[in-house]
Structures are given as C-alpha cells and as structure tokens.
Amino acid sequence: MTIIFRYLIRQIMVSMFAVSGILLLVFMSGRFIKYLGSAAEGEIAAGVLFAIMGYRFPGFLELILPLGLFIGILLAYGRMYLESEMTVLFACGVSERQLLAKTLLGALPVMFVVGAMSLYVSPWGMKQVEQIFNEQRKATEFEMLAPGRFQDFTSGTRVTYTEALSDDKRQLQGVFIAEYGRDGEGITLITAETGSQLIDEETGSRFLILEDGGRFQGVPGQLDHNVTLFEAYGLKIQSGEAGTKELEEGISTLDLWYSDDPEDRALLHWRISLPLIVPIITLLAVRLSRVNPRQGRFFHLLPAMLVYITYLGLLIVARDALADGKVPEWLGMLWVHALFLSLGLWLQFGPAWLNRRRLEKEANAHA
C-alpha cells in the first residue's frame, strides 16, 4: 500500500504542479501587464514592479492551488482509468474507500499551504503592496521620470520628456515640458539642453534647474506668444500627497477576528473557506475522475469544471450576502461547504448504497 500511495500522490502532484504553473503564468502575466501600464503612465516606478509581483504571489497561489489540485486529480486518475491501471488496483484488493482515503491524505499538505497563505502570508504580502503604493504616491514627479518617454504626472496639465537620465536621477539631458494653463491661459512649452535637481537645505523644497533653453507661452492659434531664452530656469518640483489608502486584503486575520464590521467578517469567512475547499474538491474529484474508455480522456473535465465553478461562485455570493447582512454570521459560508460536501459524499457512496438497497429488495422479494 505504501508503494501504491506514493505512486498515486506522485501522479497527482505532477499534474497539479503543471496545471498550477500554467495558471500562475497566465494570471500573473495579466496582472504584470496592468502594473506595467501604470509604470508607463508614471503612476508607479518601474523598479518596484517585481517587488509588487513577489508580494502578490501568495495571493495568487491561495486561489490557484485548489484548482490545480482539482484538475490534477481529474487528469491523473482519468488517465489511470483509461489505461486500466485503476482496474488493476481494484483487482489487487485496493477498494474505492482506500483510494479516497489515500487521496485525502495526500491533499492535506496542500490544505495546510493554502491555509497558511490565506490566513497569514497573503495578508502580509498585500500589506507590503499597500505600503509600496502609498510610498509611490508621495514620490515627486522627478523621481518617477523615465528617459525617452512622455509622462503625465498631473492628470493632463503637465507632460514631461527627457532624452537621458543619470542613474541617480539628478541629471537630465534634452528636457521638454508642456504645461497647460488654467482658465484658457494657453500652453507653456519649456525646452532645455540639460537639467538637474536642487534641494533647498533650509526648507527641503526641491527644484528642477534647467539650463540653456527657452520658454514659450501663448494660446494655440494666436500670434501673441511670449518667448524667453534663458541660461538657467528653476521649476519647483511638487511632491505627491501622502498615501493613506488601505487595501482590504492587507488587513491581518487577527484584526478581522476582532472587527465588528460586516465586510471584515465576510473577508474572515472567505479566508477560512479557502483551505476548507481543498478536502471537499478532493472528494468530488475522486468520483468525477471516473472515465469510460469509450468517452475519451477529457470528456469528464467539462462537468467537473462546471461543478467547481458553481462551488466558487456560490462562495462569492455567500461572501457578498454576509457582507450585506443578509445571512447570519453563524451560518456564514458553511452552507455552501455543506452543500458540496453532501454532493461529494452522495457521488462517492450514493450509487453503492442504492445498489445495495436494490439487491436487498430483490432478495426479500425472492424470499
């Protein structure tokens, strides 16, 4: 049995890691592209992108691992049914209950990992992401500059461009600034060969000192423009407002436990629900993985995925209902888990019970 157990778990884990890896690549790539767009617009610095993705990794993992395990069991056991390996195991004395027990035992580490991610690691990571975003909001536009790119830092009122930027972000080459005035004052264009950052030691204010350039101010379409050529020109660099935005996912589980806010309580139930999904979907997957060789290898995947999507969708509905106060907290999301646990138990043991009842009725009828 030990050899059989190791073989079964190895088949499941190989499929689970393959599926989880692909899903992680897809979801993280989509999120990375979104953050990359924010960096291109100057909302966040490009240097913090990988840090943000690293801190968000546990949040992706807690959602993908249960799905990876579910599909892994379906693929591994489905292949074994098609190639008659399951038939050989059952003929050698391995019962369906033993198969289920061994699979549930192998799913326990996945359950512990998902629980650790959901309750502790993921909230900590989102807290770090929250701090990074708040620090980015306090950064000056000078610190957010990127060479060779037109960047908007003031919601369309100022566009800045520089051809080259030193590593310490203190020296600029080929500077262009376009600033739109208020109340129809027109537009101001500033060009300079070089630029540097100056910090006033007394006030802490920062200035951009432009050298060898010109300033052009006027209304497009009119001829009365003010042109000023300069050797040195100073612009005050505005710092962003201190970031105070808090991410809901960054609240620690302990704080959620003592909170009376319905949304916090709903989030707490959601975090507890994620590890509870693992044994229930394992129970469902073991039964749904049975394949008739005539149906094909992937025939069973569609109804199984519909069951999983329905399960996850009902959990989301239950979370929203709990946050809105439509469901009592003592019930929470347990009714969803109880529903699918009952479905899994019925799929696993219901047909055998019905068959046994039918045989008993036939025996009583003949007696």
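In this predicted model, R265 is buried, because its relative accessible area is 15%, and buried here means under 20% relative accessible area, exposed means over 50%, and partly exposed lies in between, with a 1.4 Å probe and protein chains only. Because the model is predicted, local features need pLDDT of at least 70 and side-chain atom pairs count only at pLDDT 80 or more, while totals for chains, interfaces and linings use all residues. Residues are numbered from 1 along each chain as its sequence is written, and side-chain values use heavy atoms, with hydrogens and water left out.

R265 forms a salt bridge with E329, and the closest N and O atoms of the two are 2.6 Å apart; a salt bridge is a side-chain nitrogen of Lys or Arg within 4 Å of a carboxyl oxygen of Asp or Glu. This pair links distant parts of the chain, since R265 is in helix 6 whereas E329 is in the loop between helix 7 (301-323) and helix 8, 64 residues apart. E329 counts as partly exposed, because its relative accessible area is 36%. Side chains of opposite charge can pair when their charged atoms come close.

The structure holds 5 salt bridges, and another of them joins the side chains of E85 and R79, at 3.0 Å from N to O. R79 is buried, because its relative accessible area is 15%, whereas E85 has 21% and therefore counts as partly exposed. Salt bridges that share partners join R79, E83 and E85 into one network.

A further salt bridge is formed by K127 with E130, whose closest N and O atoms are 3.3 Å apart. Why are K127 and E130 separated by about one helical turn? The reason is that they are 3 residues apart in helix 4 (residues 96-138). In this pair, K127 counts as partly exposed because its relative accessibility is 32%, whereas E130 counts as buried because its relative accessibility is 6%.

The protein chain has 8 helices and 6 strands, where helices (H or I, at least four residues) and strands (E, at least two) are DSSP runs numbered from the N terminus. Read along the sequence, these elements follow the pattern α-α-α-α-β-β-β-β-β-β-α-α-α-α. Of the 367 residues of the protein chain, 41% count as buried. Among the contacts in the protein chain with a separation of 6 or more, 62% are between residues 24 or more positions apart, and contact means heavy atoms within 4.5 Å.

Two helix pairs show how parts of the chain pack. Helix 6 (residues 262-288) and helix 8 (residues 334-366) pack at an angle of about 25 degrees, with their axes 9 Å apart; axes are lines fitted to C-alpha atoms, for helices over the stretch in contact, and angles run from 0 to 180 degrees between N-to-C directions. That angle makes helix 6 roughly parallel to helix 8, because angles under 35 degrees count as roughly parallel, over 145 as roughly antiparallel, 65 to 115 as roughly perpendicular and the rest as oblique. Helix 6 passes helix 8 in a left-handed crossing, a term used if the near helix is turned anticlockwise from the far one by less than a right angle, with right-handed used if it is turned clockwise. The residues of this contact of helix 6 with helix 8 divide into 13 nonpolar, 4 polar and 1 charged, where Ala, Val, Leu, Ile, Met, Phe, Trp, Tyr, Cys and Pro count as nonpolar, Asp, Glu, Lys and Arg as charged, and the others, Gly among them, as polar.

One of the residues that helix 8 brings to this contact is H337. H337 counts as buried because its relative accessibility is 6%, and, leaving aside neighbours within four places in sequence, H337 is in contact with S273, L276, I277, I280, Y311 and L315.

The second pair is helix 1 (residues 2-40) and helix 2 (residues 49-82), which pack at an angle of about 145 degrees with their axes 5 Å apart. Helix 1 passes helix 2 in a right-handed crossing, and this contact has 30 nonpolar, 5 polar and 3 charged residues. In helix 1 lies T2, which is exposed because its relative accessible area is 55%.

Turning to the strands, T188 is found in strand 4 (residues 187-199). Is T188 buried or exposed? T188 counts as buried, because its relative accessibility is 12%.
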